Amino acid sequence: MAESGRNAALQQHPWLKAYPAGLKWDKDYTPRPLHEYLDESSARFPGAICTTFLGRELTYAEIARQVDRAAAGLQSLGLGKGKKVGLLLPNTPTYLIYYFAALKTGATVVNFNPLYTVEELRHQARDSGISLMVTLDLKMLFSKVEQLMQEDALENAIVCSFARLLPPLKSLLFRLFKSSDVASPRRSPVAGKVIDGDGLLDGDTPFRQPHIDTGDVAVLQYTGGTTGTPKGAMLTHANLSINVQQVIDWAGGISPGQERIMAILPFFHVFAMTAVLNFGVAKGSTLILMPRFELQGALDLIHKHKATMLPGVPTMYNAMSNFPGLGKYDLTSLRFCISGGAALPVEIKRAFEKLTGCILVEGYGLSETSPVATCNPPDGPVHEGSIGLPLPATVISIRSIDNPEKEMPLGEKGELCIAGPQVMPGYWEKPEETRDTFTGKFFRTGDVGYMD
């Protein structure tokens, strides 16, 4: 690049002067259907452990086989392009299986928070127009789905067995001593609307892979956005697949087929969906699944499985740093930890790094950006109190709060705006909100910041 061209680029994109060595900011990414990440990893690492869940391990070959069976089952039910599949699931192998199965058919995944009230679920189900919901036969989950079907807010549900996810002995003990936690879908007033999810996995109907355009909506991710009104961010295969590639490039030094990632953050949240699930599967990593965060249990799993990566939120890192019995756990296997979801206080960052020896970097993003837009470099220099640098192919612009057409000078505060291949095309059936949240190609985050 000629000197004049370099000076112009630095003036337009000042972060280039601090960009990590060897990382090309203006990289041109190739979008792809999301399910291809699983297909490639299962072909490359068939015997590698894909998931470990409460003592039961499943290899990539086993997960891929169940995904194809579930996808064939969904096709037999009429699911495919133009249809939407809801997932009301905690972090379990069932989530992986039906997430990738739905994507392989060309359907759109709609994530639901299992902690939502029936009223919240009802609004999202009706707004998204899901064809069916996938859930487990746990009363705390099925009771909500059952009510939605009774109200005709939901037509059908695929219900899978929780006990089937456990090792044989644990499964037996669960059936014996936790039977009060298990629902009885077959005796439900809406039993005729319930589909046996395990039966789909036992089927032998061949799966027919349809053509999937990378511009198709892969996930409808509901968010309050900048107004607080829940609306579905339309995340395409291109958005999500490129964001995975961006995070892989940014993390650097990832060993394919060898990483062990703590899957504590819920997959129904976009941060975990990209930075744990899609990222981990793309690199053939082992996902150490936790259905909900429990401090001592998380420390036990890190210690036992020698986890190498831990995506989390500030409260999680703070809880670990202040745990009285932390000394008996070996956390030195951790090599890469990223914090998102909220601002990372400097004191929490320093305390966690001192105790573990693992660099903790802060990133930033939103549901509308798939979600990762910026991050501090894992190999430094880390600017404490900063959300870091734009990921490759991502442009950050600080715009005037009063006039979003006006870009603010360096050092002056304004609205943080983002452009890049990971930015959604818009909100589901909300053209006015979509128009209002963009200024040209830039997504207006509603957050205030400055560029140094």
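Start by selecting Ser333: beyond its neighbours within four places in sequence, Ser333 is in contact with Ile302, Lys306, Ala307 and Thr308. The model on screen is a predicted one. Ser333 sits in the loop that runs between helix H12 (314-321) and strand E13 (336-339). Is Ser333 buried or exposed? Its relative accessible area is 14%, so Ser333 is buried.

**Helix H11**

Next, select Leu295, a residue of helix H11 (residues 295-305). Show also Ala319, Met320 and Phe323, which are in contact with Leu295 when its neighbours within four places in sequence are set aside. For a distance to draw, take the C-alpha atoms of Leu295 and Tyr317: they are 9.9 Å apart, while the two residues are 22 residues apart along the chain.

**Helices H3 and H4**

Now colour helix H3 (residues 60-76) and helix H4 (residues 93-105). Their axes come within 8 Å of each other and cross at roughly 55°. H3 is therefore oblique to H4. The crossing of the two helices, H3 and H4, is right-handed.

From H3 the contact is made by Ile63, Gln66, Val67, Asp68, Ala70, Ala71, Leu74 and Gln75. From H4 come Leu96, Ile97, Tyr98, Phe100, Ala101, Ala102, Lys104 and Thr105. Sorted by class, the residues of the contact between H3 and H4 are 11 nonpolar, 3 polar and 2 charged.

**From H4 to H10**

The axes of H4 and H10 are 13 Å apart, and the helices pack at an angle of about 80°. H4 is therefore roughly perpendicular to H10. Which residues make the contact between H4 and H10? On H4 they are Tyr95, Leu96, Tyr99 and Phe100, and on H10 they are Met273, Leu277, Asn278 and Val281. The contact of H4 with H10 has 7 nonpolar residues, 1 polar residue and no charged ones.

**Salt bridges**

How many salt bridges does the structure hold? There are 14 salt bridges, and the next stops visit some of them.

Select Glu151 and Arg122. They form a salt bridge, with the closest N and O atoms 2.7 Å apart. Glu151 belongs to the loop between helix H6 (139-150) and strand E6 (156-160), and Arg122 to helix H5 (residues 118-128), so this pair ties together parts that are 29 residues apart in sequence. Glu151 has a relative accessible area of 28% and is partly exposed.

Stay with H5 and select Asp127 together with Lys430. Their side chains meet in a salt bridge, at 3.4 Å from N to O. Lys430 lies in the loop between strand E18 (414-419) and helix H14 (431-436), and Asp127 in helix H5, so the pair ties together parts that are 303 residues apart in sequence. At a relative accessibility of 16%, Lys430 counts as buried.

Move on to Glu353 and Lys349. This pair forms a salt bridge too, and the closest N and O atoms are 2.7 Å apart. Glu353 and Lys349 are 4 residues apart in helix H13 (residues 346-356), so about one helical turn separates them. Both Glu353 and Lys349 are buried. Then select Arg32, Glu36 and Glu40: salt bridges that share partners join these residues into one network.

**Backbone details**

The last stops concern the backbone. Most residues other than glycine have a negative phi, and most peptide bonds are trans.

Go to Asp152, in the loop between H6 and E6. Phi of Asp152 is near 65°, a positive value in a residue other than glycine. With a relative accessible area of 60%, Asp152 is exposed.

Select Ala393 next, in the loop between strand E16 (389-390) and strand E17 (395-399). What is the phi of Ala393? Phi is near 70° at Ala393, again a positive value in a residue other than glycine.

End the tour at Ser370 and Pro371. A cis peptide bond joins Ser370 and Pro371, and omega is about 0°. Pro371 is placed in the loop between strand E14 (360-365) and strand E15 (372-375).

Key: Residues are numbered from 1 along each chain as its sequence is written. Side-chain values use heavy atoms; hydrogens and water are left out. Axes are lines fitted to C-alpha atoms, for helices over the stretch in contact, and angles run from 0 to 180 degrees between N-to-C directions. Angles under 35 degrees count as roughly parallel, over 145 as roughly antiparallel, 65 to 115 as roughly perpendicular and the rest as oblique. A crossing is left-handed if the near helix is turned anticlockwise from the far one by less than a right angle, and right-handed if clockwise. Contact means heavy atoms within 4.5 Å. Ala, Val, Leu, Ile, Met, Phe, Trp, Tyr, Cys and Pro count as nonpolar, Asp, Glu, Lys and Arg as charged, and the others, Gly among them, as polar. A salt bridge is a side-chain nitrogen of Lys or Arg within 4 Å of a carboxyl oxygen of Asp or Glu. Buried means under 20% relative accessible area, exposed over 50%, partly exposed in between (1.4 Å probe, protein chains only).
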